[in-house]
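Here is a short report for a first look at a protein model. Please keep the sequence and the 3D view at hand while reading.

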Amino acid sequence: MKKKLVAMLLMAAMAFSAFTACSKTGSDKKIGVAMPTKDLQRWNQDGSNMKAKLEEAGYDVDLQYANNDVSTQVSQIEQMINSGCKVLVIASIDGDSLGTVLEQAKEKEIPVIAYDRLIMNSDAVTYYATFDNYMVGTKQGEYIRDALDLDNAAGPFNMEIFTGDPGDNNAKYFYGGAMDVLNPYIESGKLVVKSGSTKFDEVATAEWSSEKAQNRMDAIISANYADGTPLDVVLCSNDSTAYGVETSLDQNYKGEWPIITGQDCDILNVKNMIAGKQSMSIFKDTRTLADKVVAMVDAIMKGEKPEINDEETYDNGKGIVPSYLCEPVFADINNYEELLVDSGYYTADQLK
């Protein structure tokens, strides 16, 4: 009887040991992915691409969306840290608001990859993966320059400016890249901003909100263009701000449709592009960025250094963050089918 009891206890101990080993193995493959919101199409695509590719690579994924609420995102990240995530991939809502929770990650030696938005003022950020954000703005500025033939046309041309959320560090790069191209024409008087709003703080759009962009555009049209003054171009840093501007123009503006830039190739904006209501949108293929982040995670998990192509540009206030920058391209009426449909990013039916 005693032998039978000992054998049973031994078997139970072995079973428990196997169970804990399996649990440990499972937790050793767990990756936390924190996304800011489901309200914008691009973050849904980023999150689903990341989850699918990480799972395909054999990882368990804890994917969370924070509804653009900083305290929610902090709680989600804290839960990821405490639940045993081995790497954190974070697209922050506010780049300055995660320092305290990321100290917990640092204490537990959990590497942190800032995804598309640089996390500021934290030495817990291990790597940064994004598109070349300054180049995004440069391409928007160059598109405007070339579309208006600013080097040769007499002008002047009237322009308004809409960039993104002041808490998103990327917005400053988008704005800076575009304005470095366009400022010489503003200074020479060839481009005129009738509203007078040209500084970043004056043209920022909280939460990248279409509604806030629309409301501001309503006020600008009422004050500057209701008398028939033509509006020639609107620099919009992304598609959600562009959509707000386009909605306002639809409702309030009677003149010839202006050149409008954008970014992300959201479905509604591509449809507007096809309809002639948006001139271009920067295409950042989230599949490419997801591939790079999965490769980063894989290298980290194997104890290797991920591929990096920039160790100079992105200082988050605590030092340079080693980065991988993907190159953006722009889509317009001439090439959107090749870039977006032929590549499988969208189906033709989605854009009807």
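The protein carries 32 positive and 54 negative side chains. Lys and Arg count as positive, Asp and Glu as negative; His and the chain ends are left out. The centres of the two sets lie 10 Å apart. Each charge is placed at NZ of Lys, CZ of Arg, CG of Asp or CD of Glu.

This is a predicted model, where local features need pLDDT of at least 70, side-chain atom pairs count only at pLDDT 80 or more, and totals for chains, interfaces and linings use all residues. Residues are numbered from 1 along each chain as its sequence is written, and side-chain values use heavy atoms, without hydrogens and water.

The average pLDDT (the predictor's confidence in each residue, from 0 to 100) is 91 for the protein. At least 70 is reached by 92% of the residues. Over residues 1-26 the pLDDT is below 50. Beyond near neighbours in sequence, this stretch has one contact (heavy atoms within 4.5 Å) in the model.

The secondary structure comprises 12 helices and 12 strands. These are DSSP runs, numbered from the N terminus: helices are H or I with at least four residues, strands E with at least two. The C-alpha atoms fill a box of roughly 100 × 45 × 35 Å along the principal axes. Of the 352 residues, 51% are buried. Buried means under 20% relative accessible area, exposed over 50%, and partly exposed in between, with a 1.4 Å probe and protein chains only. Among contacts between residues at least 6 apart in sequence, 72% join residues at least 24 apart.

Q350 lies in the segment after α12 (336-341). N215 belongs to helix α8, residues 210-224. Q350 counts as partly exposed because its relative accessibility is 35%. N215 has 43%, so N215 also counts as partly exposed.

Each has a partner further along or back in the chain:

| Pair | Separation in sequence | C-alpha to C-alpha distance |
|---|---|---|
| Q350 and K271 | 79 residues | 9.1 Å |
| N215 and T247 | 32 residues | 9.8 Å |

What is Q350 in contact with, leaving aside its neighbours within four places in sequence? The residues are I267 and K271. A polar atom of the Q350 side chain also lies 2.8 Å from the backbone nitrogen of T347.

Note on methods. A polar contact is a pair of N or O atoms within 3.5 Å; within protein, one must be able to donate a hydrogen and the other to accept it, and residues adjacent in sequence count only if both atoms are side-chain atoms.
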